[in-house]
Amino acid sequence: AGTNYSKNDILDKSINIYKTNRGGKITYHGPGQLIFYFVIDLRNKKKDIRKFISAIEKTIIDTLKQFEIKSHADRKNIGIWFNNNGKLEKIAAIGVRVSKWIAYHGFSININNNLDPYKKIIPCGVSDKGVTNLGKISKIKFDKIEEILIKKFITNLKNLNV
């Protein structure tokens with residue numbers, strides 16, 4: 001759980017919660033997710049956290065586009081979202097901490113993980129939207145998604161001058 005979660009975000013009080021020092025609320029990590037954590041020195045870059053988050057969002061959106069999955073960011077609800085016939089479902093969570101202009105933590109993408117654990121929490125404090133994974137959206141294989149993410153992340157950081 002990030003530093004901003006509340007006890008009300010935990011629907012099933014029997015689950016184990018691991019507190020971290022990243023921003024954001026409560027989320028779930030488990031098998032079938034791709035976790036992309038980093039440590040990036042932003043001290044000699046433009047000190048603009050919003051641009052940095054935009055680079056992360058663009059990285060995920062551009063990567064999913066390579067697999068013919070249309071997704072988008074939402075300023076009000078951090079993460080990357082998929083429109084499933086009018087119902088918005090989170091496909092990727094973002095949780096970053098910046099201390100002394102060093103960025104920590106990162107994001108996760110749901111690939112073929114079990115979605116049941118999300119029923120035990122209010123993921124990222126958002127109760128009116130769903131959670132999905134790439135396997136539910138498309139039956140293609142997501143080979144080399146890690147390599148694509150890394151290349152796009154580097155490119156997007158350079159392009160945003162971060």
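Leaving aside its neighbours within four places in sequence, with which residues is N156 in contact?

Reply: This is a predicted model, in which local features need pLDDT of at least 70 and side-chain atom pairs count only at pLDDT 80 or more, while totals for chains, interfaces and linings use all residues. Residues are numbered from 1 along each chain as its sequence is written, and side-chain values use heavy atoms, with hydrogens and water left out.

Leaving aside the neighbours within four places in sequence, N156 is in contact with A55, K58, T59 and D62; contact means heavy atoms within 4.5 Å. N156 itself belongs to helix α3, residues 145-159. Helices (H or I, at least four residues) and strands (E, at least two) are DSSP runs, numbered from the N terminus. N156 has a relative accessible area of 4% and is therefore buried. Buried means under 20% relative accessible area, exposed over 50%, and partly exposed in between, with a 1.4 Å probe and protein chains only.

With T59, the side chain of N156 makes a polar contact of 3.1 Å. Such a contact is a pair of N or O atoms within 3.5 Å; within protein, one must be able to donate a hydrogen and the other to accept it, and residues adjacent in sequence count only if both atoms are side-chain atoms.

Two other partners of N156, K58 and D62, are joined to each other by a salt bridge of 2.9 Å, N to O. The term denotes a side-chain nitrogen of Lys or Arg within 4 Å of a carboxyl oxygen of Asp or Glu. Both residues lie in helix α1, four residues apart, about one turn of the helix. D62 is buried at 16% relative accessible area, whereas K58 is partly exposed at 38%.

The count of salt bridges comes to three. E57 pairs with R50, their closest N and O atoms being 2.8 Å apart; E57 is buried at 7% and R50 partly exposed at 30%. R43 and D41 form a salt bridge as well, with closest N and O atoms 2.7 Å apart. R43 is partly exposed at 49%, and D41 is partly exposed at 34%.

Turning to α1 as a whole, its 18 residues should span 26 Å at 1.5 Å a residue, and its end C-alpha atoms are 26 Å apart, which agrees. The expected span is 1.5 Å times one less than the number of residues. At the start of α1, a side-chain oxygen of D48 reaches to within 3.1 Å of the backbone nitrogen of R50. After α1 comes E68, whose phi is positive, near 60°. Among the buried residues of α1 are A55, T59 and D62.

In the largest nonpolar core, which has 31 residues, F38, F52, I56, I60 and L134 touch the most other members. A nonpolar core is a set of buried Ala, Val, Leu, Ile, Met, Phe, Trp, Tyr and Cys residues joined through side-chain atoms within 4.5 Å. Elements giving two or more residues to this core include α1, β5 and α3, and the largest share, seven residues, comes from α1.

Strand β5 is mostly covered, eight of its nine residues being buried. It pairs with β1 in the antiparallel sense over nine bridges, and Q33 stands opposite N110 in β5. Strands pair if DSSP finds at least two bridges between them.
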